[in-house]
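Subject: Structure handover

Hello,

Here is the structure for you to look over. My notes on it come after the files.

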Amino acid sequence: MQQYFEVRWHGRGGQGAKTAALLFGEAAMETGKYIQAFPEYGPERTGAPVKAYNRLSDGPIRIHTQVTDPDVVVVLDASLLESINVTEGLKKGGAILVNTQEKAEVIKKKLGVTDAKVAVVDATKIAVEILKRNVPNTVMLGAMVKVTGALEWDSALASIEAKLSEKFRGRKEIIEGNVKAIKKAYDEVEVA
Amino acid sequence: MKTVAKTGNEAMAYAMKQINPDVVAAYPITPATEVVQIFSNYVADGEVDTEFVAVESEHSALSACVGASIAGGRVMTSTSSQGLALMHEILYIAAGNRLPIVIALVNRSLSAPINIHCDHSDTMGSREAGWMHLYCANSQEAYDSLIIALKTAEATAVPAIVSTDAFILSHAMERLEVLEDSDVQNFIGEYRPRFSALDLENPKTYGPLDLQDYFFEHKRAQIDDFSKVLDAYDKAAKDYAELSGRYYPALEEYKTEDADVAIFAAGSTADTAKEVVDDLRDQGRKVGLVRMRMWRPLPVEQIKKALTKFKAVAVMDRSDTMADFGGPVFLETRGMLYDSEEKPLITDYVYGLGGRNIKLTDIARVYDDIEQVAKAGKIEKLITYLGVRGEE
Amino acid sequence: MSMKFDKLMTWKELPAGCLIDEPSTSLRFKTGDWRSMRPVWDSEKCIHCLFCWISCPDSAIKVENEKITGIDYNYCKGCGICASICPPKASAIEMIREEK
C-alpha cells in the first residue's frame with residue numbers, strides 16, 4: 001500500500017486552520033509531493049472547534065476519506081485540549097504540536113501521550129508580538145515544518161512566502177511579518 | 001502544462017476560464033458557490049470575455065442559459081442539489097431544444113433533512129432529463145471532464161452535467177496539471193451552433209407548441225441523437241488523451257482481468273476503492289473495480305462486457321430510489337444484465353448519504369461480503385445500507 | 001431540411017430540436033374554413049379608420065396604401081371583432097351566416 005503522511009489541524013472557527021492546511025499542502029507540492037488539503041465542514045461559526053486535514057504522498061493520491069490516523073496533529077488553540085480529544089487516532093511514533101504557553105513536558109503529561117512526540121510553541125505570543133493580532137495559523141507552520149521534517153525548510157518557506165504575497169498583494173508588512181513569525185516559531189519550538 | 005494545487009471548485013472554475021464561454025448565468029449554492037464566485041472574479045478582472053448574468057434563482061439561471069444558447073452562444077453554469085432541483089423543468093427544455101449547455105455541478109444531498117454534504121441524489125433525480133452525466137473521481141478529472149464534456153456536448157447538441165462530490169472533492173485541494181489556455185481553445189475549437197436566433201437571414205420558430213401529432217416524433221429524434229453521445233464522447237476523450245496524456249473512458253476497469261468479484265461504484269469512492277483493491281491484491285485476493293463515470297447515456301455494452309466476467313458484483317449507490325429496491329445504479333445495472341447468459345450475482349450497497357464518511361474498511365467489508373456471495377453461489381442479503389446506525 | 005405540411009413527417013425527417021426551421025409557415029395553414037359567420041365589408045360605408053385592421057387577430061383585413069381593400073377569407077376565422085369594432089356611424093362590416 002502507498003505511504004501517506006497525514007495531518008490533522010485543530011482550531012477554532014476564524015483561527016485559520018483551513019488556511020494553514022492549504023498553505024502547508026501547497027508548500028509540500030512545491031517540494032514535489034502529491035497533496036490533499038481539506039477542511040471538515042459543518043456549520044461555520046467563529047469560535048467553534050474546527051478541523052482540517054492534509055494528506056501527502058510521493059505518488060498520486062487516490063483516497064478521498066477523512067483522515068482518521070494522522071501522523072501529525074496540530075492544535076492551534078490550547079483551550080481545545082479541554083474539550084476535544086486531540087490525540088484521537090494519532091499514530092505511534094507520530095507527533096502532536098500545540099500552541100501553548102506551557103512546557104512540552106507539561107502538555108505531554110496532560111495529554112497522556114507516551115508513544116508520540118509532543119512539541120510546543122507559543123505561537124499566539126509570537127503572532128501578537130510580530131503581527132499584532134492573534135493569528136497563530138501561519139506561525140505554526142514554522143514549528144510544523146521543523147517538528148515533522150516532512151518538508152525541506154527553505155523551499156517550504158519560499159512557497160509560503162509566495163502564497164502570502166499572492167494573498168496580501170502589496171501589503172509588505174503583513175508578508176514580511178508572517179515570514180519573520182514563521183522563522184521565530186521554527187527556532188522556538190520545543191519537543192518532549 | 002503546469003502543476004497547480006486546486007480544490008475541485010477551483011479546478012472547475014479554471015477550466016471554465018480557459019473555455020471562455022460567451023455567457024454564464026448562475027445563482028450561488030453551497031458547495032458549488034465558489035465555482036461561479038471564482039469565475040466572476042475572472043470576469044471582473046477581464047480574463048474572460050464572458051457575459052456574466054447574475055440572476056435571482058437557479059430556475060432563472062438555466063432559463064437565461066437557454067436563451068443565450070438559442071442565440072447561438074457557448075454557455076455554462078454551475079449549481080448543486082436544490083439548485084439542480086429548481087432547474088429541473090428547464091433541464092428538459094434545454095435538452096429538448098438541443099442546447100449544449102454545460103453545468104459544473106457539485107453533488108449534494110437533497111433536503112429534507114437539510115444537509116450540505118455529498119450524495120448523488122441530485123443528479124440521479126435528473127437522469128431522465130436528456131443530459132449527459134459524468135461523475136468525477138478527483139479534481140484533476142473534474143478539470144479535464146469539463147473540457148471533454150463541452151466538446152462532446154457541442155458535437156452532439158446534447159447538454160452535459162459534470163459533477164464532483166461535495167466537499168470531498170469540491171473543497172479538497174489536490175495537485176493537478178492544467179493545460180495552456182491556447183491548448184484548451186484549440187481543443188474545443190470555435191463553437192458553430194446548428195442554429196441561432198441571432199441569424200436574422202434565416203429566422204426560425206423556437207419552442208413551438210407540439211401536440212399529439214408531433215411530440216412523440218420529436219422525442220424519438222431526441223433519443224436517437226442521445227444514442228450518438230457515446231461515440232462522440234469517446235472520440236473527444238481520446239483526442240483529449242493525446243493532448244493531455246490523460247484518458248477517461250465512459251467506464252473504467254481497474255484490475256478486473258482475473259478478478260472473481262468487483263465493486264461497481266462512482267465518484268471519489270471509486271478512487272478510494274482502488275486503494276482497497278491494491279491492498280487486497282497484496283493479500284492474494286482476486287478483486288477488481290469497475291468505475292461508472294458516465295451514467296447518461298448508459299454505456300450499456302461496456303457495462304455488460306465488464307460485469308459479466310465476475311462471479312459477484314457489489315453496486316455502490318450514493319442515493320436511493322425509494323422503490324424499496326435499492327439505488328438507481330443497482331436497478332439499472334440489473335436490468336442491463338437481464339438478457340446475459342452468464343451474469344454475476346449482484347448486491348447493492350447504499351452508502352454515504354448526506355456525506356457520511358466511507359472508510360477504507362467499509363469498502364474492504366464490501367469485498368469480504370461479495371467474496372462470500374461468490375463462494376456460496378447465492379445472495380443472502382440483496383440490499384445493504386452501509387455505515388448507518390441501526391444496521392448490522 | 002424544409003418542413004412538409006401535406007403529410008405528417010416521421011421522426012427521422014424532423015429538423016433537430018423542436019424548432020420550425022423556416023419563417024412564416026402560418027401562411028400555409030388556411031384557417032378560412034373554420035368560419036361559421038362571415039364578415040362582409042361595404043366599401044361605400046367604410047371610413048378607413050383601420051380599427052378593424054389593427055384588431056384582427058388573423059391579419060385578415062387587406063390594406064393597400066392605407067386604405068382597406070377587403071377581407072382575406074383564406075385566413076378569416078369569422079370571430080366578428082372587425083364588425084364589433086367598426087364605428088356605429090359607419091357600420092361597414094356585417095356578419096352573415098356561412099350556412100347556405
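Strand S2 of chain A and strand S8 of chain B (residues 173–178) run antiparallel and are joined by two bridges. Strands count as paired if DSSP finds at least two bridges between them. Helices (H or I, at least four residues) and strands (E, at least two) are DSSP runs numbered from the N terminus. In this pairing, A:Ala37 stands opposite B:Met173 of S8(B).

Some conventions before the rest. The model is predicted, so local features need pLDDT of at least 70 and side-chain atom pairs count only at pLDDT 80 or more, while totals for chains, interfaces and linings use all residues. Residues are numbered from 1 along each chain as its sequence is written, and chains are lettered from A and ligands numbered from 1 in the order in which they are written.

Chains A and B

Two pairs of chains touch, and the pair A and B has the most contacts. A contact means that the C-beta atoms of two residues, placed from the backbone, lie within 7 Å. Between these chains, 18 residues of chain A are in contact with 20 residues of chain B. On the chain A side, helix H1 (17–30) and strand S2 (34–40) each supply at least two residues. S2(A) gives the most, with six residues. By class, the side of chain A that touches chain B has eleven nonpolar, five polar and two charged residues. Here Ala, Val, Leu, Ile, Met, Phe, Trp, Tyr, Cys and Pro count as nonpolar, Asp, Glu, Lys and Arg as charged, and the others, Gly among them, as polar.

Chain B

Across the boundary, 27 residues of domain 1 are in contact with 20 residues of domain 2. Helix H6 (121–124), strand S6 (132–135) and helix H10 (229–244) of chain B each supply at least two residues of the domain 1 side. S6(B) has the largest share of that side, four residues. The domain 1 side divides into 16 nonpolar, eight polar and three charged residues.

One residue of chain B to look at is B:Ala160, found in strand S7 (residues 160–165). B:Ala160 is buried, because 29 other C-beta atoms lie within 10 Å. The cut-off for buried is 20 or more other C-beta atoms within 10 Å of the residue's own; 12 or fewer is exposed, and in between is partly exposed, with C-beta atoms placed from the backbone. Leaving aside neighbours within four places in sequence, B:Ala160 is in contact with B:Val102, B:Trp131, B:Met132, B:Ala149, B:Thr152 and B:Ala153.

Chain C

Chain C has two helices and five strands, in the order β-β-α-β-β-α-β along the sequence. Its radius of gyration is 17 Å, well over the 13 Å that the globule rule gives for 100 residues, so chain C is more spread out than a compact globule. The radius is taken over C-alpha atoms, and the rule is 2.2 Å times the number of residues to the power 0.38. The C-alpha atoms of chain C fill a box of roughly 55 × 35 × 15 Å along the principal axes. Of the 100 residues in chain C, 17% are buried. No contact joins chain A and chain C, and their closest C-alpha atoms lie 40 Å apart.

Regards
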